[in-house]
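Here is a short tour of one protein chain. Look over the sequence and the model first, then read on.

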Amino acid sequence: MDLTFNALLIIHLAAFGLAISTTIVAPLIGGRIAAAPPEARPLLGGIGKRLSINARIAFGLLLVTGIAMVYVRYGGFEGQSIWFFIKMGLVVVVLIAMIIGIVAKPGTISPRLMGWITRLAMAGIVISAVMAFN
């Protein structure tokens with residue numbers, strides 16, 4: 001059981017690293033596209049699209065491995081603190097924001113608004129995760 005948990009934890013932390021690096025690099029590339037020469041824009045756009053896919057993969061891995069770790073370690077969600085459930089609720093908010101971002105037609109939702117929703121939910125997830133272990 002410890003080996004399974006440790007393997008899931010390594011995958012979880014690797015996905016977290018991928019998510020963080022994507023969060024840092026994607027806005028830098030996005031900001032450069034408008035000022036880039038026309039021949040460089042498709043390349044930067046392709047990198048941005050790949051980063052977006054990587055972020056979705058990372059989020060999926062975080063979700064699956066996180067739930068699996070709880071089941072491996074505790075056998076289910078019973079007995080978890082209220083902070084755990086707040087964290088999971090905020091994870092659902094991020095998931096909904098990602099789905100809306102994928103499904104919505106370009107330009108119908110402000111990227112700035114979606115960015116703020118995602119950032120605030122992610123900050124809440126981190127705070128809730130820290131409080132869950134206190």
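Leaving aside its neighbours within four places in sequence, which residues is Asn54 in contact with? They are Leu18 and Thr22, where contact means heavy atoms within 4.5 Å. Asn54 is found in helix 2. Its relative accessible area is 17%, so Asn54 is buried. The class limits are these: buried is under 20% relative accessible area, exposed is over 50%, and partly exposed is in between, with a 1.4 Å probe and protein chains only.

## The model and its numbering

This is a predicted model, in which local features need pLDDT of at least 70 and side-chain atom pairs count only at pLDDT 80 or more, while totals for chains, interfaces and linings use all residues. Residues are numbered from 1 along each chain as its sequence is written, and side-chain values use heavy atoms, with hydrogens and water left out.

## The chain as a whole

The protein chain has four helices and zero strands. From the N terminus on, its elements run α-α-α-α. Helices (H or I, at least four residues) and strands (E, at least two) are DSSP runs, numbered from the N terminus.

Along the principal axes, the C-alpha atoms fill a box of roughly 55 × 30 × 25 Å. Of the 134 residues, 22% count as buried. The chain exposes about 9,000 Å², and carbon and sulfur atoms supply 75% of that area. Accessible areas come from the Shrake-Rupley method with a 1.4 Å probe; for residues, only the protein chains shown count as cover. Among contacts with a separation of 6 or more, 69% join residues 24 or more positions apart.

The expected span of a helix is 1.5 Å times one less than its number of residues. The table sets that value beside the reach from first C-alpha to last.

| Helix | Length | Reach | Expected span |
|---|---|---|---|
| Helix 1 | 32 residues | 46 Å | 46 Å |
| Helix 2 | 34 residues | 49 Å | 50 Å |
| Helix 3 | 22 residues | 32 Å | 32 Å |

## Helix 1 against helix 2

The buried residues of helix 1 are Phe5, Leu8, His12, Ala15, Ala19, Thr22 and Ile29. They pack against helix 2 (41-74).

Why does His12 count as buried? Its relative accessibility is 19%, and therefore His12 falls in the buried class. Not counting residues up to four places away in sequence, His12 touches Leu61, Leu62, Thr65, Gly66 and Met69.

Val25 also lies in helix 1. At 34% relative accessibility, Val25 counts as partly exposed. The C-alpha atoms of Val25 and Phe77 are separated by 35 Å, although these residues are 52 apart along the chain.

Helix 2 has its own buried set: Leu44, Leu51, Asn54, Ala58, Phe59, Leu62, Thr65, Gly66, Met69 and Val70. Their cover includes helix 1 and helix 3. Leu43 lies in helix 2 too, but Leu43 is exposed, with a relative accessible area of 57%. The C-alpha atoms of Leu43 and Ile33 are 9.3 Å apart, and the two residues are ten apart along the chain. After helix 2 comes Gly75, with a positive phi near 80 degrees.

## The core

Which residues make up the largest nonpolar core? There are five: Phe59, Val91, Val94, Ala121 and Ile125. Helix 3 and helix 4 each supply at least two residues of this core. A nonpolar core is a set of buried Ala, Val, Leu, Ile, Met, Phe, Trp, Tyr and Cys residues joined through side-chain atoms within 4.5 Å.

Phe59 is in contact with Val91, Val94, Leu95 and Met98, leaving aside neighbours within four places in sequence. The buried residues of helix 3 are Phe84, Met88, Val91, Val94 and Ala97.

Ile82, Trp83, Phe85, Ile86, Val126, Ile127, Val130 and Met131 make a nonpolar surface patch of about 710 Å². Helix 3 and helix 4 (111-132) are the elements that give two or more residues to the patch. Patches are made of residues with over 30% relative accessible area and no salt bridge; like charges are joined within 9 Å, nonpolar side chains (Val, Leu, Ile, Met, Phe, Trp, Tyr) within 5 Å. A salt bridge is a side-chain nitrogen of Lys or Arg within 4 Å of a carboxyl oxygen of Asp or Glu.

Ile82 lies in helix 3. With a relative accessible area of 58%, Ile82 is exposed.
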